[in-house]
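Hello,

Here is the structure we talked about. Please have a look, then read my notes below.

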Amino acid sequence: MLPRKFEFLLLLLCQITIGQTTDEKMLHGKIMAESVNVAGVTIVNLVNEKSTLSDNDGNFYILAKAEDLLVFSSVNLEYHRRIIEEDDLKSDQITIKMTAKITQLEEVIVNKHPEINAVALGISPRGIKKYTPAERRLYTALSTPGDALLNYLSGRTAMLKKGIEVEKKERLLVLFDYLFEDDFFTNTLKIPADYVKGFQYYCLEVGEISDVLKSKNKTKIEFLIIPLAKKYNEIIANEK
């Protein structure tokens, strides 16, 4: 016979595991934006790596489950992200509100005096670690020995660690859009428009490009991705 406390712990863990296990569902969404075309917006699920495009009315369908991260990108709309919740899966349709891109100057000086910051002004203490949203969720899950044990045994800790990796990949994907013009991938690298986001994923998975992306050295990045583009186009051709 198992001790009562141990039986209670096993029952609690089973309930937590069942509660966190959610099958993927075909999610229906609609993109809304004032005075901007909402057709052809790229939607990517960064967890299961599924992607799709919105139709002329902004409607889209994509497989997702709770806590999946969807990212929305378009030539004429600002980058948008959405973490899927349980209520979204129960809804017949979710609404995604996006905003039009504002024309940016070619060069903007963000801070002419970098020595003046929150730490220098005494607003924030020196040496405090800054957490990303995914890192903060993991930190909370491990905040006490009891929580750490339950989250480890239920698999939540592993899921949160995966979320951190997804978040890192997401930040790297944003750098592609920041560093290169919209037509670089289609005109220079000859990647079909519908495959651009897939090619960016391919670069992160196959090419050793992560560190170079962080350096924002366009010359080095182009040196690495040009041969990858050739291979990727060959893969597309073989699939067709």
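Leu-70 has Arg-82 in β6 as its bridge partner. Strands here are DSSP runs of E with at least two residues, helices are DSSP runs of H or I with at least four residues, and both are numbered from the N terminus.

Some ground rules. This is a predicted model, in which local features need pLDDT of at least 70, side-chain atom pairs count only at pLDDT 80 or more, and totals for chains, interfaces and linings use all residues. Residues are numbered from 1 along each chain as its sequence is written, and side-chain values use heavy atoms, with hydrogens and water left out.

Back to the strands. β5 and β6 run antiparallel and are joined by four bridges. Two strands count as paired if DSSP finds at least two bridges between them. The open sheet has four strands, in the order β3-β2-β5-β6, with antiparallel pairing. Its edge strands are β3 (51-53) and β6 (80-83), and each pairs on one side only.

Now the loops. Glu-67 sits between β4 (59-64) and β5 (69-73). It is not a glycine, yet its phi is positive, about 75 degrees. Glu-67 counts as partly exposed because its relative accessibility is 42%. The cut-offs: buried is under 20% relative accessible area, exposed is over 50%, and partly exposed is in between (1.4 Å probe, protein chains only).

Lys-190 lies in the loop between α6 (184-188) and α7 (196-206). Its phi is also positive, near 65 degrees, in a residue other than glycine. Lys-190 has 58% relative accessibility, so it counts as exposed.

Best wishes
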